[in-house]
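Hi everyone, thanks for coming.

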Amino acid sequence: MPQVLSTREGNLFRTVIKHYEDKQYKRGLKAAEQILKKNPKHGDTMSMKALIMNAQGKTEDAFALAKEALTVDMKSHICWHVYGILYRTNKNYDEAIKAYKFALKLEPESLQIQRDLANLQVQVRDYDGYVQSRFVMLKARPQIRQNWTALAVAYHLEGNLEQAETTLTTYEKSITATPSKTDLENSEAILYKNSIIAERGDIERALDHLETAAKNSLDRLAVIELRATYLAQLGKNEEAVKAYRALLDRNPEHPDYYRGLLGALEIPQDDQTALKAVYDEYAEQFPRCDAARRLPLDFLTGDAFRTAAKSYLSLMFDKGVPSTFANLKHLYSDPLKKDIMPVLAEEYLSERKTSAEVKDQSKADSSKGEGAALYFLAQHYNYHLSRDLTKATDYVERALELDNTNVDFHMTKARIYKHQGDIRKASLAMDHARSLDTRDRYINSKAAKYQLRNDENEKALETMGLFTRADTVGGPLADLMDMQCIWFLTEDGEAWQRRGNIGFALKRYHTIFNIFDVWQEDQFDFHSFSLRKGQIRAYVDMIRWEDRVREHPFYFRAALNAVKLYLLMHDKPHASNGVNGADGQKGDAAEKKKAAKKAKKEAQKAEREAAEKASKQDPNKASSSKTKDNEDAKKKDDDPNGLKLAATSTPLEDAMKFLGPVLEFNPKNIDGQIAGFDVYIRRKKYLPALKCLRAALALDKDHARVREQVQQFRSAIDPVLGSLPPQVQEIIKSEFTS
């Protein structure tokens with residue numbers, strides 16, 4: 001039988017919960033221990049103590065205590081709820097859901113448990129379960145709009161658009177008082193309902209709803225944009241033209257508005273004169289508008305393009321706009337336009353030389369006029385579609401003669417060195433550019449990136465440290481990890497990989513993997529927050545984005561690098577299962593010893609920095625910091641240099657951690673399929689290897705590496721085919737026909 005607390009101890013138990021919610025873990029632990037002194041078998045208190053211990057980083061002890069609490073009181077919903085929370089914090093979502101459901105059987109009326117279960121179900125994309133949980137919550141408290149909206153979202157995510165719309169409509173009919181025009185939650189709910197109607201394909205009804213129910217929505221821009229889109233889709237071009245013109249009056253730089261207007265005007269794509277006239281109208285109406293002058297260059301051809309491009313370039317050069325080339329390089333996919341651009345820039349320079357007045361003005365600002373044209377030409381000849389590095393060097397040197405302190409000119413010179421293959425010079429040139437403007441974070445990051453490309457990891461970290469927080473324990477690297485600076489971690493890992501330091505390289509790639517995990521984990525904060533704030537459309541967009549988060553190029557890049565490292569570790573274990581990637585000879589042991597010693601020194605240094613920071617801390621703030629109960633202990637890294645990662649005995653299994661999302665979210669990338677084959681064939685997983693091989697062949701059957709893998713698969717499968725299960729043999733014989 002569970003122990004029953006006295007009134008005094010019951011009040012103390014409530015303070016335990018309060019201390020936990022306020023993150024005052026030491027106080028909560030002390031109060032729990034006071035209760036357990038008199039009631040050592042009180043399951044609820046034991047569970048709360050376990051929860052506090054887990055928050056302090058004592059995960060194993062917390063689980064042991066939570067299990068003991070369940071044995072003491074199997075029928076306590078608090079014990080099961082806490083057990084589920086422990087599993088959730090340790091990302092074992094399936095077990096957490098089981099525990100929550102058991103807790104609900106014991107306490108069906110608990111809204112907190114129901115809410116936690118619902119949040120976990122949407123986190124793991126169990127939409128059927130999410131719908132059921134939200135329906136139960138709605139029945140319990142139907143007077144709260146948030147519950148109706150949440151159920152509609154659940155139906156929407158499940159794919160039941162009709163039921164989602166019906167749910168929102170039912171609530172609208174149930175309210176008697178007219179919502180205030182400034183009610184943000186009501187405004188967002190109406191627009192959300194409108195998006196559901198449109199998603200169902202009923203554009204006519206979506207337009208009617210927009211012009212009636214949503215006409216007073218607080219998000220006026222969204223209403224105007226949706227109205228213009230609906231009118232265009234319904235073929236109501238006259239009204240659509242007015243809507244798009246209203247949008248352009250608000251923002252004449254938005255390219256989609258121009259496309260919508262031209263579509264509504266039904267101007268043929270080959271009628272360049274009529275198309276250009278529309279843009280000219282807005283260029284005249286908004287003299288400072290860039291889009292109205294730049295966008296016509298996409299469709300103009302021949303003399304019309306030459307005239308418009310010359311006018312645009314002259315304007316940009318006179319203004320000294322640094323992004324001119326970046327705005328126009330997409331035109332280089334057309335060979336004729338690519339050839340015209342440098343000619344126009346040269347003509348501009350020739351015309352400048354004949355104007356003495358303009359030449360005098362150029363002395364005042366070298367980034368305008370001649371300097372801007374030379375800068376454009378240097379970028380033009382440095383670009384991969386029009387590359388001539390000799391000419392690029394000549395133009396950038398001429399630009400530097402005008403102004404040797406111009407940061408953009410020096411950055412371009414560094415890029416030219418990079419494309420010439422001289423990474424050392426490129427790094428020095430970019431660092432020199434950085435020294436010309438030490439307050440610019442962008443050029444500082446560029447200099448660090450080039451230093452990493454030159455395998456100067458320590459120097460790059462020092463450069464990045466100029467813009468990181470000086471008081472961060474662990475130095476600039478710790479701050480960059482806290483800020484989730486993925487580009488730096490990726491470049492740093494690749495540099496260590498080139499230098500042969502597998503431990504550091506793997507550490508960076510695992511850090512990137514964990515950052516993406518954090519992004520997915522962070523959804524928990526928004527499942528309740530978005531509903532509470534009424535930001536439903538943004539929430540649904542976030543859920544859909546999270547489903548594709550590992551399609552991110554930086555994840556793919558880091559994952560592929562990690563897989564290659566693990567393949568190397570499998571193929572050459574003596575060469576790579578350590579810090580140094582050199583061949584496993586006598587020097588390898590010495591390198592490992594040296595690296596271990598270095599790691600120990602760095603750990604001691606970090607501890608000293610932490611101690612110094614603590615000693616210098618304001619004593620008035622010490623008490624408040626103690627309330628966090630040393631949460632930093634939870635963040636302590638026991639393998640800062642990746643030595644344990646590099647010493648793995650199962651490299652292929654570790655590679656699967658990175659490879660799985662690559663194959664799932666980037667199936668059309670041939671490099672991912674090639675890496676998948678390399679891992680599976682070594683693991684003797686012949687069917688997955690064949691699947692990757694067939695996918696690679698479908699993408700590019702003439703790829704050299706794919707051809708090698710065809711032969712590799714044949715060589716691997718022929719000796720063992722007879723020993724495989726009959727079904728596997730049949731699949732391989734039918735699918736592997738090359």
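Now, what we're looking at is a predicted model, where local features need pLDDT of at least 70 and side-chain atom pairs count only at pLDDT 80 or more, while totals for chains, interfaces and linings use all residues. Residues are numbered from 1 along each chain as its sequence is written, and side-chain values use heavy atoms, with hydrogens and water left out.

Okay, first example. Glu491 is buried, with a relative accessible area of 2%. And who is its charged partner? Glu491 forms a salt bridge with Arg557, and the closest N and O atoms are 2.9 Å apart. By salt bridge I mean a side-chain nitrogen of Lys or Arg within 4 Å of a carboxyl oxygen of Asp or Glu. Glu491 sits in helix 29 and Arg557 in helix 33 (residues 553–571), so this pair ties together parts that are 66 residues apart in sequence. Arg557 itself is partly exposed, at 27% relative accessible area. When I say helix, I mean a DSSP run of H or I with at least four residues, and strands would be E runs of at least two, numbered from the N terminus.

How many salt bridges are there in the whole structure? A search finds 40. Another one pairs Arg352 with Asp318, with the closest N and O atoms 3.9 Å apart. Arg352 belongs to helix 20 (residues 335–353) and Asp318 to helix 18 (residues 302–319), so parts that are 34 residues apart in sequence get tied together. Here Arg352 is buried, at 14% relative accessible area, whereas Asp318 is partly exposed, at 43%.

Let's move on to the nonpolar cores. A nonpolar core is a set of buried Ala, Val, Leu, Ile, Met, Phe, Trp, Tyr and Cys residues joined through side-chain atoms within 4.5 Å. The largest one has 72 residues, and among those that touch the most other members are Tyr258, Leu328 and Phe376. Helix 22 (residues 370–382) gives the most to this core, with eight residues. Zoom in on Leu328: leaving aside neighbours within four places in sequence, Leu328 is in contact with Arg294, Leu297, Tyr312, Leu313, Met341 and Phe376. Contact here means heavy atoms within 4.5 Å. There's also a second, separate core of 65 residues, including Phe488 and Met656.

In helix 12 (residues 203–212), the buried residues are Ile203, Ala206, Leu207, His209 and Leu210. They cover an arc of only 165° around the axis, which puts them on the same side of helix 12. That arc is taken from the directions from the helix axis to the C-beta atoms. Why does the spacing work out? An α-helix has 3.6 residues a turn, so residues three or four places apart point the same way. The buried residues of helix 12 pack against helix 11 (184–199) and helix 13 (220–233).

Helix 43 (residues 726–735) has Val728, Gln729 and Ile732 buried. Those fall within an arc of 100° seen down the axis, so they line one face of helix 43. On the other side of helix 43, Pro726, Gln727 and Glu730 are exposed. Helix 41 (686–699) and helix 42 (704–717) are included in what covers the buried residues of helix 43.

Definitions and conventions
Buried < 20%, exposed > 50% of the residue type's maximum accessible area, 1.4 Å probe, protein only.
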